[in-house]
Amino acid sequence: MSNYTIEMLGITKQFPGVLANDKVNLQVKQNEVHALLGENGAGKSTLMSILFGSYDADAGEIKIRGKNVKIKSPNDATVLGIGMVHQHFKLVTNYTVTENIVLGIESKTKLGLLDLKKAEKRVKELSDQYGLKVNPKDKIEDISVGMQQRVEILKMLYRNADILILDEPSAVLTPQEIDDLMSIIRRLKNEGKTIILITHKLKEIKAVADRCTVLRRGKYIDTIEVKNVSEEKMAEMMVGRPVHFDIEKAPLKLGETVLNVEKLQVKDYRGHLAVQNLSFSIKKGEIFGIAGVDGNGQTELIYALTGLVHTEAGTIKLHDKDITKQSIKERIQAGIGHIPEDRHRHGLVLDFSLGENAVLKNYDTKEFSNNLGVLQYQIISEHTNKLIKEYDIRVGEGVSQKAGSLSGGNQQKLIIAREVALSPELLIVAQPTRGLDVGAIEYIRKRLVEERDKGRAILLISFELEEIMSLCDRIAIISKGEFAGIFNEGELTENEIGFMMAGSQAKGRLKNEATHG
Amino acid sequence: MDKTKKLKQRKSLGTFLQESDGAMSVLVVLIGFLFATLLILIIGRNPSGMYKAILQVLTGYNVDRNRFYVRYIGEWLAQSMPLILCGLSMGFAARVGLFNIGAEGQYIVGITVAQLIAIFFPQIPVAHWFFAILFAALAGAIWGGIVGWLKAKYEVSEVVATIMMNYIALYLSRIITLRIPGANTYRTPNFPQTALLTSSFLQKITNGSRLNLGIIFVVLSVLIYWFIIEKTRTGFELRATGFNKDAARASGIPVVKSIMLSMAIAGAFAGLAGGIVSLGAYKYGRVLAANDGYGFTGIAVALVGNNTAVGTALSGLLFGMLSTAQPLMESNRIPKEITFIIQGLVVIFIAIRVGFRMVVAYLAKKAPLKQEKTLNTKKTQEEMPTHE
């Protein structure tokens with residue numbers, strides 16, 4: 001008799017070319033929060049898909065509450081009381097919360113009509129019981145991403161799941177929403193649920209998990225008591241070598257002004273002013289960071305600087321040359337490099353080969369195409385191979401493989417390699433480490449600092465405060481399209497910045513005046 | 001090169017089908033023929049009649065009479081010419097992410113202009129037909145380019161615009177052609193000899209088929225298509241725009257220009273098809289009563305050919321073969337409708353290709369065959385050293 005709710009022993013799963021799970025063990029105790037830690041591609045999702053019945057394991061056994069079971073489909077898993085919140089929600093956006101929750105198990109009245117009243121009541125009860133604060137009558141399209149996630153959680157609770165699998169639940173949330181999620185997980189635990197948390201964020205594990213199982217490249221590494229092990233140690237277990245969170249920067253050596261923005265106004269796609277009278281400048285050799293919650297004008301600011309949208313008013317100068325009215329191409333040629341926020345949308349052509357992506361911005365230069373307009377694929381290949389080597393981009397097949405087949409971290413490395421190779425005057429970097437694993441994050445941050453040390457001007461926009469704090473020489477805090485203040489590195493604590501990000505500017509203004517005075 | 005070939009052979013059929021569009025197309029065509037064979041059996045006829053007809057089209061050999069009729073090969077090629085060109089038209093736009101339903105209209109514009117030049121241009125040998133088809137292609141380019149311009153500048157759906165342009169082309173063609181002196185309700189006077197694409201040499205070697213000089217332009221078109229798309233800067237811009245418009249734009253690629261250019265080039269292929277049909281297959285100008293349908297069949301041709309130059313040429317030849325085989329099938333007591341059914345089946349199967357792939361992927365996921373597993377581990381082991 002075991003005292004584990006879930007036991008997965010010796011699970012092995014082979015995909016063509018990859019051993020996704022190699023004799024992996026997972027033992028989860030009744031009523032604990034158990035984290036499953038590993039980098040992207042470590043086999044976390046595969047293991048959970050096997051538990052949830054989406055895949056069959058090639059070998060190994062699964063015991064639920066001590067009994068051997070065969071889980072052949074998600075329906076079997078539901079019957080066993082296992083529920084899963086996927087990273088990408090499965091919600092009908094123009095249905096209400098309740099309609100989404102009952103979808104598939106609708107209760108009917110005697111006449112065979114949909115009985116939503118009863119369902120609504122039950123949803124309300126569950127929401128109250130677990131402190132989810134969800135209104136059963138809201139439409140999905142009207143509520144925030146964080147709320148949508150709670151609806152997914154409610155969906156499982158409604159189906160009487162007592163084992164909840166949360167797949168990277170914080171990936172889509174803002175810092176505040178993450179805090180809320182953490183308290184929801186604690187609440188679920190207090191109410192007697194068993195929770196498996198798939199993540200690669202150590203902070204969250206420290207915050208809520210009791211125990212943690214670490215996977216690396218498909219192999220089981222260890223299961224640990226979270227409170228006895230430091231974040232550094234967990235990171236090392238996950239990556240397989242010591243990880244350095246602190247980044248060494250050379251002393252600040254400012255050069256001439258590269259970018260000068262004055263009274264910039266930009267509208268968003270709905271026609272509202274998203275950027276209002278922003279003025280700032282960036283010098284060679286510094287990283288200028290913009291901290292803020294998503295949706296406060298950062299995206300529009302980047303679009304305006306790179307030429308993706310028109311500006312309403314104000315000027316953008318690069319080395320004293322007015323580029324406000326220039327085309328995207330002219331700006332690229334003038335020396336603006338751009339590592340975009342959404343790398344799949346703006347950064348890469350996923351169906352293009354690595355080589356084609358590597359020259360996406362300079363395919364038409366003398367270097368890569370001849371006078372007749374014929375591309376020199378041989379030279380492009382050599383150039384790409386050089387970048388692959390220099391940036392340690394892990395490719396399976398080589399230059400001709402499609403960019404879409406790379407992992408997120410390697411895709412990002414490819415973009416950075418391309419942009420830096422263009423040796424831009426100004427490098428605009430947005431959310432460079434979103435969704436990446438620890439190893440890639442460490443590498444990319446180090447690269448950015450290296451470029452700064454070499455004397456490049458860098459504009460960094462990130463929703464992760466910790467990233468801004470550890471990389472930037474100057475930090476601007478943006479709220480509702482305006483700067484709440486610009487500060488030097490170390491002038492403010494994380495808390496103070498967070499406070500200003502949330503839009504309370506009083507304190508910020510005060511501070512700002514103080515630095516000028 | 002040899003190495004990769006070997007590796008490919010070792011891959012299981014499943015992975016091969018998943019990775020190669022070409023292999024999937026061949027499979028789909030074979031399934032189409034299989035269904036057709038079953039259908040013929042069900043209606044109580046002998047399927048060999050169909051295959052005999054196909055053999056005769058492909059090689060000229062008639063099994064029953066044990067004789068060669070080279071004319072059929074010529075007819076087959078002549079029949080395939082407009083299909084290949086309209087396939088290229090559809091395919092070229094598709095590579096830029098556009099759905100060109102307008103090949104039919106661009107083709108009609110090509111016919112109309114070629115007919116006008118054939119009748120009114122001075123009768124200079126070679127220059128006469130050459131300018132006729134050149135301007136046919138140009139007219140098609142303008143017809144397609146208008147849609148490209150509307151799409152790029154004003155975001156007018158190219159699907160709606162091309163369908164409407166098809167109607168305009170058809171009725172405009174009737175109005176113009178009817179005004180040619182001597183024209184009646186269905187035809188104009190004969191073209192002068194200098195306007196015709198007929199070649200006594202080609203007719204001689206194919207025993208009097210309709211095969212004509214147009215074939216040179218078809219071959220050139222296939223080569224140009226391949227060269228532009230695969231080799232040039234412009235092709236790079238077009239493909240980038242087709243795959244990911246946003247990334248292309250953010251990288252400074254002129255997306256608006258790409259869209260206009262692609263529709264214009266697509267139109268040029270279809271216009272050329274019109275020119276070749278009107279001066280190659282007919283000796284007089286036609287007052288069109290209805291669509292010839294090559295433009296629409298071109299959609300299917302491009303689909304089966306995966307929008308590649310060579311694939312579209314091959315698939316055009318397949319469709320041309322089917323329509324040339326129709327009369328022969330009739331004489332072998334196979335209803336000619338069978339060929340339409342094959343075409344339909346092939347298109348449907350191509351359309352559910354994604355579904356096929358999902359089935360293959362599902363089978364691989366759920367229960368990887370032992371054989372496949374060992375093959376794959378072997379493969380990765382062998383591949384490792386070569387990539388280091």
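Among contacts in chain A between residues at least 6 apart in sequence, 67% join residues at least 24 apart, where two residues are in contact if their C-beta atoms, placed from the backbone, lie within 7 Å. This is a predicted model, in which local features need pLDDT of at least 70, side-chain atom pairs count only at pLDDT 80 or more, and totals for chains, interfaces and linings use all residues. Residues are numbered from 1 along each chain as its sequence is written, while chains are lettered from A and ligands numbered from 1 in the order in which they are written.

Along its principal axes the C-alpha trace of chain A spans about 75 × 55 × 50 Å. An open sheet of 6 strands in chain A has the order S16-S17-S18-S13-S19-S20, with mixed pairing; strands are DSSP runs (E, at least two residues) and helices likewise (H or I, at least four), numbered from the N terminus, and two strands pair if DSSP finds at least two bridges between them.

| Edge strand | Residues |
|---|---|
| S16 of chain A | 336-339 |
| S20 of chain A | 482-488 |

Strand S19 (residues 474-479) of chain A runs antiparallel to S20(A), joined by 6 bridges, and A:Ser479 stands opposite A:Glu482 in S20(A).

In chain B, the axes of helix H6 (residues 103-120) and helix H7 (residues 127-154) come within 8 Å and cross at roughly 145 degrees, the axes being lines fitted to C-alpha atoms over the stretch in contact, with angles from 0 to 180 degrees between N-to-C directions.
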